[in-house]
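Please open the model in a viewer and keep the selection panel at hand. The stops below proceed from ring pairs to charged pairs and then to the chain as a whole.

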Amino acid sequence: MSENSSIELRSEKVRNIIGQIPSRIIRIGITVIFAVVIALLLGAYLFKFDHTINATAELYNENNKIHYIIELPYNKLKLLQTGQKLVILVHSENSLPATVQNIDTTLHINKEQSYFRVQGTIDYPDFKLDEPIEGQATVYIGKINVIDYALNNN
């Protein structure tokens, strides 16, 4: 006897049970999928991290004070406020803490980007510049959750 004929020999009840998907399993499966999606969305809403903007900073001496100029993408202007924490890393070892002091909202455009400038002075008596140098600046915007970051990040 072939396999097809053995299937034909099964009763009508057995064929109905085999061909039917149990409704309880479907309900439990949909509930589990729904619970996992809700847990992921809740986690994305509750998990917050530090939102930062990274850019290159130019440091120079003027009147025995260290001044900085940072060029940031123009679309980040709405995120900045005076008084925000700023750290400039020089030669991957010297960290200079500062705050955002002056935001020049004038739109500057070059071949690569449109940007605005953040300027200020650093009060760090143990640091002296012999010539202008560049460093890596990080501006701390604040805490943001994953959902806001995903929806509002340009």
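How many aromatic pairs does a search of the whole structure find? The search finds two; rings of Phe, Tyr and Trp (its six-membered ring) pair if their centres lie within 6.5 Å, with planes under 30 degrees apart counted as stacked, over 60 as edge-to-face and the rest as tilted. The model is predicted, so local features need pLDDT of at least 70 and side-chain atom pairs count only at pLDDT 80 or more, while totals for chains, interfaces and linings use all residues. Residues are numbered from 1 along each chain as its sequence is written, and side-chain values use heavy atoms, with hydrogens and water left out.

**Ring pairs**

Select F49 and Y149. These two form an edge-to-face pair, 5.5 Å centre to centre with 75° between the planes. F49 belongs to strand β1 (residues 48-62) and Y149 to helix α4 (residues 146-152), so the pair ties together parts that are 100 residues apart in sequence. Helices (H or I, at least four residues) and strands (E, at least two) are DSSP runs, numbered from the N terminus. F49 is partly exposed at a relative accessible area of 25%, and Y149 is partly exposed at 32%. Here buried means under 20% relative accessible area, exposed over 50%, and partly exposed in between (1.4 Å probe, protein chains only).

Next, select Y74 and F116. Their rings also make an edge-to-face pair, at 6.1 Å centre to centre and 80° between the planes. Y74 sits in the loop between β2 (65-73) and β3 (85-90), and F116 in strand β6 (residues 114-122), so that the pair links distant parts of the chain, 42 residues apart. Is F116 buried or exposed? F116 counts as buried, at 0% relative accessibility, whereas Y74 is partly exposed at 30%.

Then display K85 with Y140. K85 lies over the face of Y140, at 5.0 Å from the ring centre; the criterion is NZ of Lys or CZ of Arg within 6 Å of the ring centre and within 35 degrees of the ring normal.

**Salt bridges**

The count comes to two salt bridges, each defined as a side-chain nitrogen of Lys or Arg within 4 Å of a carboxyl oxygen of Asp or Glu.

Select K143 and D50, whose side chains meet in a salt bridge (3.5 Å, N to O). K143 is in strand β7 (residues 133-145) and D50 in strand β1, 93 residues apart. K143 is exposed, with a relative accessible area of 58%, while D50 is partly exposed at 44%.

Move on to R117 and E71, which are joined by a salt bridge (3.5 Å, N to O). This pair connects strand β6, where R117 lies, with strand β2, where E71 lies, 46 residues apart. R117 is partly exposed at 24% relative accessibility, and E71 is partly exposed at 24%.

**The whole chain**

Finally, select the whole chain and colour it by secondary structure. Of the 154 residues, 24% count as buried.
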